[in-house]
Amino acid sequence: MSKQAKSKTITVTGIVVPNDWDRGGRLSEVVLCAADESEFVLAGDKQRELFGLCHHRLSVTGTEASDDRGRRALVVDGYAVLGNEADCGYESGFQI
């Protein structure tokens, strides 16, 4: 087992994006995509609350960690909604 770094509380602002689904097609993971293009898998007791906030802009405070696949994660302590999906920056009405 590798050495554990001292836990660090950080605040990251970004957009919550769906990232994985279970075999039944239900959302099972969301990530926070920050403006600097960093990405955090959102984890912890508040994770499921964030499933309903996909495509919303949030400020998320938590402890930086790694998940079981070695990805950068944020164990959520709290969050604030800064904008809804209409003003998140995604273009939802475009045609291909």
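His55 is partly exposed, with 29% relative accessible area; here buried means under 20%, exposed over 50% and partly exposed in between, using a 1.4 Å probe and protein chains only. His55 sits in the loop between helix H1 (47-51) and strand S4 (57-66), and its phi is positive, near 70 degrees. Helices (H or I, at least four residues) and strands (E, at least two) are DSSP runs, numbered from the N terminus.

Glu37 also has a positive phi, about 70 degrees, without being a glycine. Glu37 belongs to the loop between strand S2 (27-34) and strand S3 (39-43), and counts as exposed because its relative accessibility is 76%. Most residues other than glycine have a negative phi.

## Model and confidence

This is a predicted model, in which local features need pLDDT of at least 70 and side-chain atom pairs count only at pLDDT 80 or more, while totals for chains, interfaces and linings use all residues. Residues are numbered from 1 along each chain as its sequence is written, and side-chain values use heavy atoms, with hydrogens and water left out.

The pLDDT, the predictor's confidence in each residue from 0 to 100, averages 85 over the protein, and 81% of the residues score at least 70. Confidence is lowest in H1, with a mean of 93, and highest in S3, at 96. A contact means heavy atoms within 4.5 Å.

## Strand pairing

Two strands pair if DSSP finds at least two bridges between them. S4 and S5 run antiparallel and are joined by 10 bridges; Val60 stands opposite Tyr79 in S5. The hairpin of S4 and S5 has 5 residues between the strands, and Gly70 takes a positive phi near 80 degrees there.

S3 pairs with strand S5 (residues 72-83) in the parallel sense, over 3 bridges. Val41 stands opposite Ala73 in S5.

## Nonpolar cores

A nonpolar core is a set of buried Ala, Val, Leu, Ile, Met, Phe, Trp, Tyr and Cys residues joined through side-chain atoms within 4.5 Å. The largest has 17 residues, of which Val12, Val16, Val30, Leu42, Leu50, Val60 and Leu74 touch the most other members. Strand S1 (9-21), S2, S3, H1, S4 and S5 each supply at least two residues of this core, and S2 gives the most, with 4 residues.

Beyond its neighbours within four places in sequence, Leu42 is in contact with Val16, Val30, Val31, Leu32, Gln47, Leu50, Val60, Leu74 and Val76. A second, separate core of 5 residues includes Val17, Val31, Val41 and Ala73.

## Salt bridges

A salt bridge is a side-chain nitrogen of Lys or Arg within 4 Å of a carboxyl oxygen of Asp or Glu. By this rule the count comes to 5. One of them joins Asp22 and Arg26, with N to O at 3.1 Å; Asp22 is partly exposed at 28% relative accessibility, whereas Arg26 is exposed at 55%.

Glu29 forms a salt bridge with Arg69, their closest N and O atoms being 3.8 Å apart. This pair links distant parts of the chain, 40 residues apart, with Glu29 in strand S2 and Arg69 in the loop between S4 and S5. Glu29 is buried at 9% relative accessible area, while Arg69 is exposed at 54%. Glu64 and Arg72 meet through their side chains at 2.9 Å, N to O. Salt bridges that share partners join Glu29, Asp67, Arg69 and Arg71 into one network.
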